[in-house]
Amino acid sequence: MTQPTLYHIPVCPFCQRLDILLTLKGRRDEIDFQVIDITRPRPDWLLHKTRGTTALPVLETADGRIIKESMVILDYLEDVYPERPVAQRDPYRRAVENMLARMDGEFLTQGYTWVMNQDPGHRAALREGMLQQYALLNDFLLEHAAAGPFLFEEFGWAEAVFTPFFQRFWFLEYYEDFELPMEARYARVRAWVDACLAHPAAQQVTKEEVVKLYYDYAKGAGNGALLPGRRQSSFAFEPDWRARPWPPRNKYAHSATDAELGL
Ligand code: GAZ
């Protein structure tokens, strides 16, 4: 083997972080991106490499060593490709971006809990919870980077960590009618989100792709799991998402069939 291999799922947000980092560094072509189908059981050769764990991304170094966890792989790639640094070099600035990056967990959990919710009675509280997360990000950015739009001068580490989730949250727009309100208390985070979404290094997925592939999440089935009455996951590679119709938006009232989803 002559180059590192990244085992990934094309639309996985954790994998996309690494794609963004490598793109920012101009090193995207030096990694062999190997696609794994999340709707099928993991192949034995891969389970052997990971010693049984199934979560992706997984990086295999050129000499065959295995590294798991997107943030660990991100650090590793930052260290092995030190030219064009993406992480801050100044210790305090590095700490600030790490504080922001560590806010990812609650942010993404809130968004995924909401999209997977099946009880219309919970929607208002889930919306409030999501707004609270945006308010926390807004406050952090006002404290550390009032001028914006990014945390520092350019799209960097924190942006690589969060942007895949800003894009996944297109599913909240589509299935939950969620838009960040045009209010002053979200203005700073809105500017950040907009600048992140527009950045050329972060264009690996589109809204249409996210909305179509994440239909099953909106119906409560995550990670390629199959819903009752369905034979295909919305994450299936075939038929290609471009050839499928846009899914029905009324997730609480209707369960689409494979045929309605173009599967
Ligand atoms: N902490 C790991 C990392 O690398 O940062 C997470 C990786 C991961 O969850 N990968 C998923 C996977 O491979 C695909 S993307 N799943 C298949 C398997 O067999 O484990 C996951 C969440 C979540 C929200 C989104 C996702 C997601 O919680 O997009 O929890 C695990 C999975 C709110």
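Let me start with Pro239, which sits in the segment after H11 and which, in this predicted model, is joined to Glu238 by a peptide bond that is cis, with omega near -10°. There is also a cis peptide bond between Gly148 and Pro149, where omega is about 5°, and the proline in that case, Pro149, belongs to the loop between H6 and H7.

Staying with the backbone, I would next point to Glu69, which is not a glycine and yet has a positive phi of about 85°; you will find Glu69 in the loop between strand S4, residues 66–68, and helix H3, residues 70–80. Is Glu69 buried or exposed? Its relative accessible area is 55%, and because the cut-off for exposed is over 50%, Glu69 counts as exposed. Arg84, in the loop between H3 and H4, is not a glycine either and has a positive phi of about 50°, and with a relative accessible area of 55% Arg84 is exposed.

Which residues of H5 are buried? They are Asp104, Phe107, Leu108, Gln110, Gly111, Tyr112, Trp114 and Val115. As for what covers these buried residues, the list includes helix H1 (13–25), helix H4 (91–101), helix H6 (123–144), helix H7 (157–168), helix H8 (170–176) and helix H11 (215–218).

How values were computed
Residues numbered from 1 in each chain as written. Predicted model: local features only at pLDDT ≥ 70, side-chain atom pairs only at ≥ 80, totals over all residues. Heavy atoms only, no water. Buried < 20%, exposed > 50% of the residue type's maximum accessible area, 1.4 Å probe, protein only. Helix = DSSP H or I, 4+ residues; strand = E, 2+ residues; numbered from the N terminus. Contact = heavy atoms within 4.5 Å.
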